[in-house]
Protein chains: 2
Amino acid sequence: MKHVSEISMIAGDKPYASRTGDETLIQKRQDPVVFVEENSDTSADQDVALTSEQLESYRKNGFLMLDNVFTEEEISPLRRELNQMRTDPLLRRRPESFNYVDDELHSVFGVHKLNPLFGNVAKDTRLTSIARQILADDIYIHQSRLCYKPGFTSEKFFWHSDFETWHVEDGMPRMRALSISIALTESHEHNGPLMMIPGSHEFYIRCNGDTPKDHYKQALKQQEHGLPDTAVLSTLMYEGGIQSACGKPGSIVIMDCNTLHGNNGNITPDPRANLFVAYNAWSNQLETPNCEREPRPEYVAARKPGSPLA
Amino acid sequence: MKHVSEISMIAGDKPYASRTGDETLIQKRQDPVVFVEENSDTSADQDVALTSEQLESYRKNGFLMLDNVFTEEEISPLRRELNQMRTDPLLRRRPESFNYVDDELHSVFGVHKLNPLFGNVAKDTRLTSIARQILADDIYIHQSRLCYKPGFTSEKFFWHSDFETWHVEDGMPRMRALSISIALTESHEHNGPLMMIPGSHEFYIRCNGDTPKDHYKQALKQQEHGLPDTAVLSTLMYEGGIQSACGKPGSIVIMDCNTLHGNNGNITPDPRANLFVAYNAWSNQLETPNCEREPRPEYVAARKPGSPLA
């Protein structure tokens with residue numbers, strides 16, 4: 001097994017090119033993980049922002065898990081709302097709704113616009129202050145998604161970097177974005193929790209292959225393009241290991257846009273549900289996609305963010 | 001969620017009937033878990049047999065995990081042998097070999113007869129003395145199987161009781177059998193370890209449906225008949241929880257024939273391999289299958305065991 005330092009590193013004027021049909025390659029990240037604001041003034045957020053120890057852990061691992069950010073009193077109405085949405089025929093017919101093969105609800109994109117309860121969470125200052133602190137810029141919501149993994153039947157989802165897709169398919173220029181996942185149910189070791197590779201955010205993996213037309217319609221349920229090479233993945237996992245995001249409802253996972261993650265199937269009775277919100281730096285707005293495809297829909301990747309989040 | 005005590009229990013002259021097309025039902029086990037020998041004389045095995053605390057734990061949970069039963073010096077030749085078998089064209093063409101869709105080796109049945117190295121392990125007194133002590137009878141090998149779950153690609157396997165299949169498809173009369181699984185690689189929380197439901201062995205679940213012709217050819221890779229109802233499974237898991245069998249190479253899991261178990265997929269780089277040996281009490285030999293099908297092949301279910309293990 002090679003060490004990461006032995007893997008051929010490349011760079012160039014297009015450091016984040018991928019799916020260009022070439023061999024898989026790995027290179028160092030070309031952007032900071034924790035940004036420092038020019039004319040720094042974070043005093044307004046000091047009550048809720050991360051400590052320097054938390055920031056350092058995030059910078060080192062590419063993620064940070066926090067318990068009890070939302071209370072059970074805040075989360076239980078969201079769970080009820082999700083259960084209503086699962087059987088709402090109007091919602092289920094919308095293009096933002098993705099289904100499993102058996103017609104169970106898989107995910108709802110743009111849920112912060114479709115539903116005021118989830119919209120309020122996505123804009124909650126406990127989350128936005130963290131995103132602003134790490135990205136050191138004004139921010140907007142690049143993507144929101146209500147995710148539901150039923151008990152007994154859920155399938156695994158292979159390792160991937162969100163940024164690889166956001167760069168190639170959405171034209172996000174740089175690694176200056178992050179996601180926050182809010183647990184609506186308990187995640188434990190057996191019900192297919194989010195798994196992350198600590199330290200993997202420091203590397204960018206050029207993937208083989210290309211991007212099929214309307215890739216997102218399938219890829220958001222089961223990705224098959226833009227997947228890292230297994231030899232590279234093995235190296236990163238032997239260096240960094242695997243961390244599961246286990247936590248109670250109301251816990252959150254803050255994850256850098258380039259941290260490699262995936263999850264396993266779920267044969268337990270316990271479904272897993274979470275609200276996923278991707279925040280992008282205002283200065284990092286989408287450009288032309290880096291593939292020969294039309295941009296993905298606005299509800300998957302915001303190209304017209306309006307104004308920054310308050 | 002109902003408690004197990006609230007679930008309708010049935011019994012009758014065919015207590016272990018299943019796949020009779022009826023509704024799913026749950027009933028109490030009709031056999032001991034740890035048997036007591038008439039004219040007991042276990043002095044010959046006292047060096048290697050289980051302590052009374054270990055026996056009690058097995059009786060209560062339906063399984064027992066033991067570390068360091070085999071040394072790394074004993075296990076590494078078995079791992080090398082497995083890797084040779086994966087690319088042995090003669091072996092791979094035998095009916096005992098089952099493959100994954102991508103042609104990777106899935107499992108080898110009757111491996112204790114096909115390969116002397118694995119045969120020696122299956123007959124090792126560290127294992128046979130345990131089986132004899134718990135079953136309190138002479139024993140023979142009902143089934144042996146070398147199992148290989150590759151890294152990155154393995155799929156999940158749903159909850160099931162081995163006895164349900166052995167009773168219905170093989171005609172095993174009573175719950176007087178157990179399996180011992182010997183780890184050839186490390187099992188950890190992330191690479192799809194065996195998961196068991198503690199206490200589930202005390203109940204028998206009649207499953208819906210029937211048994212298709214040559215069911216075993218598919219079922220041994222991905223079972224779709226003889227699967228317990230999810231409501232019953234939920235009840236048993238909320239009562240007993242889930243226990244993963246994590247352990248180093250050389251560790252073993254002793255499991256009652258009726259303990260509900262399954263496993264998750266594996267997207268880590270770490271393959272999972274084990275030798276599975278099912279021991280049956282000599283007095284519990286196979287009869288006519290309890291379904292309208294021909295008996296399964298001898299290498300899947302021994303009908304002519306010859307003489308008891310020494």
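Start at the interface of chain B and chain A and look for salt bridges: the rule finds two across it. A salt bridge here is a side-chain nitrogen of Lys or Arg within 4 Å of a carboxyl oxygen of Asp or Glu. Select B:Lys156 and A:Glu155, which form a salt bridge with their closest N and O atoms 3.0 Å apart.

The model is predicted: local features need pLDDT of at least 70, side-chain atom pairs count only at pLDDT 80 or more, and totals for chains, interfaces and linings use all residues. Residues are numbered from 1 along each chain as its sequence is written, chains are lettered from A and ligands numbered from 1 in the order in which they are written, and side-chain values use heavy atoms, with hydrogens and water left out.

Stay at the interface and turn to polar contacts. There are 11 residue pairs in polar contact across the interface of chain B and chain A, both residues at pLDDT 80 or more. A polar contact is a pair of N or O atoms within 3.5 Å; within protein, one must be able to donate a hydrogen and the other to accept it, and residues adjacent in sequence count only if both atoms are side-chain atoms.

Next, colour the side of chain B that touches chain A by element. β6 (157–160), α9 (230–240) and β12 (261–263) of chain B each supply at least two of its residues; the largest share, five residues, comes from α9(B). Helices (H or I, at least four residues) and strands (E, at least two) are DSSP runs, numbered from the N terminus.

Now select the whole contact, that is, residues with heavy atoms within 4.5 Å. Chain B and chain A give 27 residues each. The area buried between the chains is about 2200 Å², with 64% from carbon and sulfur atoms. Buried area is the accessible area (1.4 Å probe) that two parts lose on being put together, summed over both. Pick B:Phe152, B:His190 and B:Ile267: they supply 33% of the area that chain B buries against chain A, more than any other three residues.

Superpose the chains. A rotation of 180° with 0.0 Å of shift along its axis puts chain B on chain A, with RMSD 0.0 Å; that is the relation of a two-fold axis. In chain B, the C-alpha nearest the axis belongs to B:Gly265, 3.1 Å from it.

Go back to α9(B). At its N-terminal end, B:Asp229 is the cap, with a side-chain oxygen 3.0 Å from the backbone nitrogen of B:Ala231. Along the helix, the buried residues are B:Val232, B:Leu233, B:Ser234, B:Thr235, B:Leu236 and B:Met237; buried means under 20% relative accessible area, exposed over 50%, and partly exposed in between (1.4 Å probe, protein chains only). Their cover includes β1 (25–28), β6 and β9 (203–206) of chain B. The helix is followed by B:Gly241, with a positive phi near 75°.

Switch to chain A and select A:Gly241, in the loop between α9 (230–240) and β10 (243–244). A:Gly241 is partly exposed, at 25% relative accessible area. Leaving aside neighbours within four places in sequence, A:Gly241 is in contact with A:Met196, A:Ile197, A:Pro198 and A:Leu236.

Finish with two backbone angles. A:Asp214, in the loop between β9 (203–206) and α8 (215–219) of chain A, has a positive phi near 50° although not a glycine. A:Asp103, in the loop between β3 (97–99) and β4 (105–109) of chain A, is also not a glycine and has a positive phi of about 80°.

Definitions and conventions: Least-squares fit on C-alpha atoms with pLDDT ≥ 70 in both.
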